[in-house]
Amino acid sequence: MSIEIRNLSKQFGNFAALRDITLEVKSGELLALLGPSGSGKTTLLRVIAGLETADAGQVLFQGEDATDQNVRDRQVGFVFQHYALFRNMTIFENVAFGLRVRPIKFRPADAEIRRRVQELLELVQLDWLADRFPHQLSGGQRQRIALARALAVEPKVLLLDEPFGALDARVRKELRSWLRRLHDDMHITSVFVTHDQEEALEVADRVVVMNEGRIEQIGTPDEVYERPASPFVYEFLGKVNLFHGRLHRGRAWIGGIEVDAPGHTEAEETSAVAYVRPHDIRVDKVNNALKAEGAIPARVSHILSIGPVVRLELMRDDSEDKKVIEVEISKERFRELQLTRGDQVFIKPSRFDLFPAQIH
Ligand SMILES: Nc1ncnc2c1ncn2[C@@H]1O[C@H](COP(=O)(O)OP(=O)(O)OP(=O)(O)O)[C@@H](O)[C@H]1O
């Protein structure tokens with residue numbers, strides 16, 4: 001089932017939690033709402049669920065206006081950060097709950113409920129825990145049961161609010177790939193809220209990056225990471241170096257390097273900032289290789305060599321700006337360069353985006 005959100009706005013007193021949100025969740029898609037605390041993710045999820053009413057705008061399920069439909073009629077399944085399993089019920093009964101409380105004419109026969117619960121417990125690979133009670137399970141297992149319980153009523157849409165937020169890092173990672181596989185099997189349209197960049201990028205088909213109640217960018221994990229639409233997205237999704245410079249009629253000057261800036265032909269003597277990911281900086285020990293295009297002189301202040309990638313911290317030689325530049329190069333390249341602390345190097349951004357300085 002697809003979900004369409006049109007021009008949603010929501011105020012809490014004077015505070016605008018959602019500002020004109022428009023977005024479509026495709027049928028069968030796993031969509032992540034990603035943003036810092038207070039950016040409006042949970043509010044948006046609650047409006048989709050029908051737990052919160054918006055001040056303006058519409059929510060459509062499969063093309064039909066659901067704005068005034070109540071929670072029960074929307075047929076959504078929920079999983080929250082804090083697993084709300086019933087403590088005095090077995091795992092089996094917890095999963096069966098949603099079916100048992102249905103009005104009699106919609107309630108499946110007992111044998112059918114048993115069959116369905118068994119199937120769901122197998123799906124989340126915890127059928128061997130059916131007779132246990134919630135306190136006898138680990139946090140990760142409880143979240144999987146919470147998901148089985150949400151799925152028991154065959155929701156058309158699954159909404160997950162920081163479902164792994166309370167778990168430790170290792171379990172979170174396991175559950176992430178588990179959720180991805182489960183979604184690939186079931187294809188229920190799912191929206192999940194997270195403030196964890198890695199989680200969103202690893203699990204979702206598409207990511208909605210939110211900031212101060214607005215959508216900054218919507219795209220596949222690759223698109224939002226590799227082609228951030230704004231300085232905010234650049235800084236929120238991973239490490240980034242900022243190089244201050246100047247733009248003029250389709251050309252840019254950054255730390256002595258002159259480059260084409262085809263997206264900025266209108267700019268007239270504008271201050272600009274180049275945003276560069278650590279792996280998009282070329283490093284050389286001699287200036288010759290890069291001389292033709294110009295290069296920024298810097299000094300190696302720190303080397304962190306773990307795994308296949310070597311992380312360098314550099315200080316610019318040519319600038320008062322004492323900000324560290326972070327660079328990532330392969331171990332192979334690092335060996336070639338034979339770098340040690342204090343060495344002089346010459347760097348050049350190989351890929352970057354320019355944003356006029358005044359907008360951030
Ligand atoms: N019922 C409410 N009454 C007043 N303010 C609220 C209410 N619910 C949310 N807010 C405010 O709206 C803003 C957005 O909240 P929301 O929970 O949607 O953000 P979030 O992105 O999910 O953040 P978090 O990750 O911290 O939950 C916050 O500043 C919050 O304080």
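Predicted model: local features only at pLDDT ≥ 70, side-chain atom pairs only at ≥ 80, totals over all residues.
**Close-up 1. The shell around the ligand.** Who sits around the ligand? The residues are Phe12, Phe15, Ala17, Gly35, Ser37, Gly38, Ser39, Gly40, Lys41, Thr42, Thr43 and His195. Two elements give two or more residues to this shell: strand E2 (15–25) and helix H1 (41–49). Which of the elements gives the most? That's H1, with 3 residues. Sorted by class, the shell has 3 nonpolar, 8 polar and 1 charged residues.

**Close-up 2. The largest nonpolar core.** In soluble globular proteins, nonpolar side chains tend to be buried together. In this model the largest nonpolar core has 94 residues. Helix H4 (residues 139–152) gives the most to the core, with 7 residues. Why does the core lie between domain 1 (3–236) and domain 2 (241–359)? Both domains give residues to it, so it lies between them.

**Close-up 3. An open sheet of 5 strands.** Trace the strands in the order E13-E12-E11-E14-E20, and you've followed an open sheet with antiparallel pairing. The edge strands are E13 (257–260) and E20 (353–356), and each pairs on one side only. Neighbouring strands of this sheet are turned by 35° against each other on average, ignoring direction. What stands opposite Asn241 in E14? It is Val276.

**Close-up 4. A hairpin with a positive phi.** Strand E9 (residues 206–211) and strand E10 (residues 214–219) pair in the antiparallel sense over 5 bridges. Val208 has Ile218 in E10 as its bridge partner. The hairpin of E9 and E10 has 2 residues between the strands, and Glu212 takes a positive phi near 50° in this hairpin.

**Close-up 5. Two glutamines with a positive phi.** Most residues other than glycine have a negative phi. Gln125 isn't a glycine, but its phi is positive, at about 60°. You'll find Gln125 in the loop between helix H3 (110–123) and H4. Is Gln125 buried or partly exposed? It counts as partly exposed, because it has 13 C-beta neighbours inside 10 Å. The other glutamine is Gln338, with a positive phi near 50°. Look for Gln338 in the loop between helix H10 (331–337) and strand E19 (344–349). With 8 other C-beta atoms within 10 Å, Gln338 is exposed.

**Close-up 6. Ala295, a buried loop residue.** Ala295 is in the loop between helix H9 (288–291) and strand E16 (296–306). Why does Ala295 count as buried? It has 23 C-beta neighbours inside 10 Å, and the cut-off for buried is 20 or more. Pick Leu120 as well and compare places: Ala295 and Leu120 are 175 residues apart along the chain, and 59 Å separate their C-alpha atoms.

**Close-up 7. Stepping back to the whole chain.** To place these views, here's the overall picture. The protein chain has 10 helices and 20 strands, and its C-alpha trace spans about 80 × 45 × 30 Å along its principal axes. Of its 360 residues, 36% count as buried. The chain is divided into domain 1 (3–236) and domain 2 (241–359), and their centres, taken over C-alpha atoms, are separated by 40 Å.

Note on methods: Residues numbered from 1 in each chain as written. Domains from an automatic or database assignment. Near = placed C-beta within 6 Å. Helix = DSSP H or I, 4+ residues; strand = E, 2+ residues; numbered from the N terminus. Nonpolar A, V, L, I, M, F, W, Y, C, P; charged D, E, K, R; others polar. Buried ≥ 20, exposed ≤ 12 C-beta atoms within 10 Å, placed from the backbone. Pairing = 2+ DSSP bridges. Axes fitted to C-alpha atoms, helices over the stretch in contact; angles between N-to-C directions. Core = buried A, V, L, I, M, F, W, Y, C linked by C-beta atoms within 7 Å.
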